[in-house]
Amino acid sequence: MHLTHELELFPDHKVTQMLFKEVKNAAELRQCAVEGKINGALINPTMLVNPFQVLVAANKAVNSQNNGKMKTRSLYSEIIFNLSPTNNISEAFKRFGCSDGDDSVLVVFIHNEDESQLLADLTARVSGRQVPVEEVSSLTDHAKVKKLYKVTQEEEKSGTLLDAVVCRMAAKDVM
Amino acid sequence: MALEKSMAAIPEFLSKAELLKQGAEARVYRATFLGRPTIVKERFRKQYRHPLLDEKLTHRRTVQEVRSVLRCRRAGISVPVVYFVDYSSHSIFLEEIVGSSTVRDHIASSPPSARCEGLEPLAERVGQVLARMHDEDVIHGDLTTSNMLLRCGPEDGVSELFLIDFGLSYISALPEDKGVDLYVLEKAFLSTHPHTEALFQRLLKSYAAASKKSSAVIKKLEEVRLRGRKRSMVG
Ligand SMILES: Nc1ncnc2c1ncn2[C@@H]1O[C@H](COP(=O)(O)O)[C@@H](O)[C@H]1O
């Protein structure tokens, strides 16, 4: 159900994503992340089109960390920042971070060892139902995504929404 | 130490990738990135340039390429998706247009007898796409039939035309710049594909019909042609 991808550019970094629906304790989970008890990024899945979007954000975060060019204070806040089309950090958290009342959450970890312990720890904390990460596409709020990333109609005719989103994420430093 | 090692991540990755092309300014590789077939374009240092100037120029080209790709996408022009850009190694990671071939190969492989009629729809498509690109004020800077890819559609047989390699591109609204862009293509087109004057005329005709601002551009093209001819007579 989870998805683990080893970053090709950073072979000692793996990215693991888990998706939960019917979450009842989002506020508590957020508190755990603040306190460092959950060492991962908690993301609002309605702003995600596809798990690939998270991989793009995670790869860029690890690269920025390596180059000493992070814009935020941790690898996990950097992932959330990278998802956003703008350079406004608080806006990125508001849109892409998990909020207290959310009933679904996507969790991202970056690790170098086997993920089984991470999975077990997180599953024990979440009161909710884990579903395959690919189901994130069924939670997407298309209207909100299109508006936030300013996707044009012409663009939608020639490419997918995921293409549009990924291009803006990759290009945001120079826009 | 740690920093030096991590900064080498991309060169290290590329050293194991498949080298497609070694150009004067950049190397083009094929690799798998985030699980997807990817083309990586890495601009490298030119030894004869001053290091600071070199860095600045290389950075600017990378930025321009990314900006033009996004601008084209917004206008609905098919260009490869940018997945990732690393400004320290000047590398751009782009979607590989899988199963595509260049327009150059497509024209070269069609029988000479069909070189005009059979290829007319393609020439018209190219003219339309370039018109849309110029209407967005994107100047490609290196238009050739190798920088256009054709990918066959799933079943309907309609192929999709992609523009690639925006490394020399820039933004300009000047008819002169657009005229020169077309002139560069004309020279490349006619020298790569002999006896295709009529075909290229079709391309220009469809450009003129599709672009809102074509008359000034075509006029500039004619001027540039004349200048080019005079220069070659003198030189
Ligand atoms: N995005 C792409 N997808 C597929 N093939 C590509 C792509 N970009 C470049 N190529 C191939 O690599 C060659 C050199 O690339 P370039 O230097 O960008 O013109 C092109 O002529 C294509 O055959």
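Just after helix H3(B), Gly76(B) adopts a positive phi of about 80°. This briefing concerns a predicted model. Chain B of the model contains eight helices and 10 strands. Its radius of gyration is 19 Å, close to the 18 Å that the globule rule gives for 235 residues, so chain B is as compact as a globular protein of that length.

**Helix H3 of chain B**

- Helix H3(B) covers residues 51–74, a run of 24 residues.
- From first C-alpha to last, H3(B) reaches 35 Å, which is close to the 34 Å expected at 1.5 Å a residue.
- Buried residues in H3(B) include the charged-group members Asp54(B), Arg61(B), Glu65(B) and Arg73(B).
- Also buried in H3(B) are Thr58(B), Thr62(B), Val63(B), Val66(B), Ser68(B), Val69(B), Leu70(B) and Cys72(B).
- An α-helix has 3.6 residues a turn, so residues three or four places apart point the same way.

**Overall dimensions and packing**

- The C-alpha trace of chain B spans about 60 × 50 × 35 Å along its principal axes.
- Of the 235 residues in chain B, 49% are buried.
- Among contacts in chain B with a separation of 6 or more, 62% are between residues 24 or more positions apart.

**Surface and charge**

- Chain B has an accessible surface of about 11800 Å², and carbon and sulfur atoms account for 56% of this area.
- Chain B carries 36 positive and 30 negative side chains.
- The centres of the positive and negative sets lie 4 Å apart.

How values were computed:
Residues are numbered from 1 along each chain as its sequence is written. Chains are lettered from A and ligands numbered from 1 in the order in which they are written. This is a predicted model: local features need pLDDT of at least 70, side-chain atom pairs count only at pLDDT 80 or more; totals for chains, interfaces and linings use all residues. Side-chain values use heavy atoms; hydrogens and water are left out. Helices (H or I, at least four residues) and strands (E, at least two) are DSSP runs, numbered from the N terminus. The radius of gyration is taken over C-alpha atoms; the globule rule is 2.2 Å times the number of residues to the power 0.38. Buried means under 20% relative accessible area, exposed over 50%, partly exposed in between (1.4 Å probe, protein chains only). Contact means heavy atoms within 4.5 Å. Accessible areas come from the Shrake-Rupley method with a 1.4 Å probe; for residues, only the protein chains shown count as cover. The place of a charge is taken as NZ of Lys, CZ of Arg, CG of Asp or CD of Glu. The expected span of a helix is 1.5 Å times one less than its number of residues.
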